[in-house]
Amino acid sequence: MLLQVYKNEQSTGTPYTQARTRGRGHAVAEGRMDRRRGAAMRKPALEIDATRTAAGKEEEEPVSPTGRLFREPHFSCHIVSVFGLGGAVDLPAVRAGLEASLARHPRFCSLQVVDEQEEDPRPKWVRTTVNIDDHVIVPSLDPTATSADPDRALEDYVSSLSTLPMDHSRPLWELHVLDFPTSEAAAALVLRVHHSVGDGVSLLSLFIACTRRASDQASLPALPSTTAGRRRAGPVYALSSRPRLSPSWDALAAFAAWVLSFLVLLWHTVVDVACFAATATSVLGDPPTLFKGAEGVEFRPKRFMNRTLRLDDVKYVKNALNCTINDVLLGVTSAALSRYYFRKTGESGSETIKVRSTLLVNLRKTPGLHTLATMMESGKDNGAQWGNRLGYMILPFHIAKRDDPLGYVRKAAQVARRKKSSMESAFTFWSGSVVLKIFGIKVLVVLAAASLCYGMMRNTTLSFSNVAGPTEQVVFYGHPIVYIAPSVYGHPHALTMHYQSYANIIKLVLAVDETQFPDAHELLDDFDQSLRIIREAASEKQKDT
């Protein structure tokens with residue numbers, strides 16, 4: 001029996017031959033991909049014999065509806081993560097480590113295929129043999145460019161990946177080895193994974209499960225917000241704790257407060273879901289601003305750039321204003337966008353402009369690091385849940401000129417508290433699940449869902465995320481990790497912002513449409529300056545109290 005490899009319009013089924021960057025003056029061009037295949041022969045790009053899988057039908061698993069969504073032409077998303085290393089790359093150690101861990105994970109050793117002989121053919125994950133040489137890519141780069149401006153050479157190369165299709169005749173992941181020093185690291189690894197393989201939080205956790213503590217390389221690292229070995233996923237709803245009933249008036253008052261908070265939660269959910277529906281169906285949309293992407297922006301090349309921020313500065317503001325780290329980052333983002341907007345437009349700032357961002361909220365409990373490590377060791381899921389289980393949330397940013405820099409954080413904290421008092425993300429996921437249960441996973445249903453998701457993102461302006469990483473330094477197959485900088489491309493936004501904490505730093509990563517943001521490094525500077533100004537204002541506030 002033959003299984004057809006599942007492809008979309010952007011899939012080519014052909015290997016890479018060359019990577020051409022589009023940097024200004026830095027010809028990392030001529031970067032021919034050296035896959036170091038040895039004498040291994042490639043399987044045919046379009047067909048895979050199901051009898052050659054390890055266990056035939058037992059090794060098949062349906063691709064989730066969200067996974068199929070990420071394969072649609074207008075929503076074909078890929079996750080790109082840069083890992084700065086503290087030393088030169090030991091390629092044999094990396095290859096051996098991948099073979100013993102990541103390549104054994106069920107999603108990282110499977111293909112998406114369709115059995116055309118079935119009455120209702122649907123894409124499935126089918127196990128295959130992983131050839132590490134097909135996934136570890138060592139490009140031949142121009143030594144003049146890498147020595148003259150190594151930071152730009154790294155940025156150009158990573159950005160060039162957004163122009164290259166992924167080979168769908170093999171598992172949908174690649175590890176690019178860039179073994180030259182930059183201003184922040186001695187070398188870098190770039191992991192590119194198709195978004196249908198998993199959500200960003202799960203994939204990051206999986207990568208961290210491949211690392212070990214720098215202080216004790218026999219132990220897995222620690223992640224923040226752990227409960228019973230599992231990371232908490234999804235939003236936190238602001239609902240008062242349900243009281244124990246007693247005859248006292250205090251208990252009755254507490255119960256009344258709980259009922260009131262539930263009604264507020266319900267009302268906010270109804271309002272947010274109505275707003276979400278109006279946005280997805282193009283009834284409600286953001287005004288055109290210099291941040292909003294043009295038609296077809298999802299198909300354009302993206303430039304990935306990052307900046308290191310001090311976690312201690314963010315924590316200082318958090319403590320001064322008695323808020324959360326996420327509130328501070330939201331405030332810094334509003335301040336940076338405001339600085340950039342008013343400098344570029346020259347407007348007076350007498351009116352506040354609201355632009356909205358789309359957040360994909362992971363609603364699945366991410367397996368703990370020990371569970372993920374065991375999963376890779378055994379090559380089985382061992383009952384752990386995996387895949388994309390995502391809800392949507394729309395978060396507003398307010399572009400304004402404020403006399404008090406701390407006003408950006410206070411406004412952001414107010415918006416965040418309001419969003420916590422809503423089940424918007426859970427409802428959007430639940431409603432999609434109900435539709436699929438009623439109508440089944442049919443082509444038209446998936447296309448309709450893809451159209452709504454595309455409309456929801458097309459009618460908003462930005463993408464935003466904030467992910468907590470290891471609280472201590474880790475090593476990846478013996479290589480010290482200096483920083484972690486994840487991003488994504490393939491969705492209809494011209495500007496995407498990611499914050500990734502690691503040890504005592506936070507990496508801000510921007511993914512931009514360079515034709516729309518030719519001066520994107522100025523925007524990156526605005527984030528740096530905004531945090532500095534807010535930190536100084538918080539220090540002044542502490543002196544006055």
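Predicted model: local features only at pLDDT ≥ 70, side-chain atom pairs only at ≥ 80, totals over all residues.
Two strands count as paired if DSSP finds at least two bridges between them.

**Strand β7 and its partners**

Strand β6, which covers residues 110-114, pairs with β7 in the antiparallel sense, and five bridges link the two strands. Within this pairing, Q112 has W125 of β7 as its bridge partner. Strand β4, made of residues 60-62, also pairs with β7 in the antiparallel sense, here over three bridges, and the partner of E60 in β7 is V126.

How much of β7 is buried? Five of the five residues of this strand, residues 123-127, are buried, so β7 is largely enclosed by the rest of the structure. In a regular strand, side chains alternate between the two faces of the sheet. In β7, P123, W125 and R127 point one way, while K124 and V126 point the other way, and all of these residues are buried.

| Helix pair | Axes | Angle |
|---|---|---|
| α10 (residues 406-420) and α13 (residues 520-544) | within 8 Å | roughly 95° |
| α7 (residues 311-321) and α8 (residues 325-345) | 9 Å apart | about 105° |

For α10 and α13, whose axes cross at roughly 95°, the crossing makes α10 roughly perpendicular to α13, because angles of 65 to 115 degrees are counted in that way. On the α10 side the contact is made by L406, V409 and R410, and on the α13 side by I534, A537, A538 and K541. Sorted by class, the contact of α10 with α13 holds five nonpolar residues, two charged residues and no polar ones.

Helices α7 and α8 pack at an angle of about 105°, which makes α7 roughly perpendicular to α8. Here L311, V314, K315, V317 and K318 of α7 meet I325, V328 and L329 of α8. The residues of this contact between α7 and α8 divide into six nonpolar and two charged, with no polar residue.

**A buried arginine in a loop**

Where does R170 lie? R170 is found in the loop between α4, residues 150-160, and β9, residues 173-178. The relative accessible area of R170 is 6%, and R170 is therefore buried, since buried means under 20%. The side chain of R170 is joined to the side chain of D167 by a polar contact of 2.8 Å.

How values were computed
Residues numbered from 1 in each chain as written. Heavy atoms only, no water. Helix = DSSP H or I, 4+ residues; strand = E, 2+ residues; numbered from the N terminus. Buried < 20%, exposed > 50% of the residue type's maximum accessible area, 1.4 Å probe, protein only. Polar contact = N/O pair within 3.5 Å; in protein donor to acceptor, adjacent residues only side chain to side chain. Axes fitted to C-alpha atoms, helices over the stretch in contact; angles between N-to-C directions. Parallel < 35°, antiparallel > 145°, perpendicular 65-115°, else oblique. Contact = heavy atoms within 4.5 Å. Nonpolar A, V, L, I, M, F, W, Y, C, P; charged D, E, K, R; others polar.
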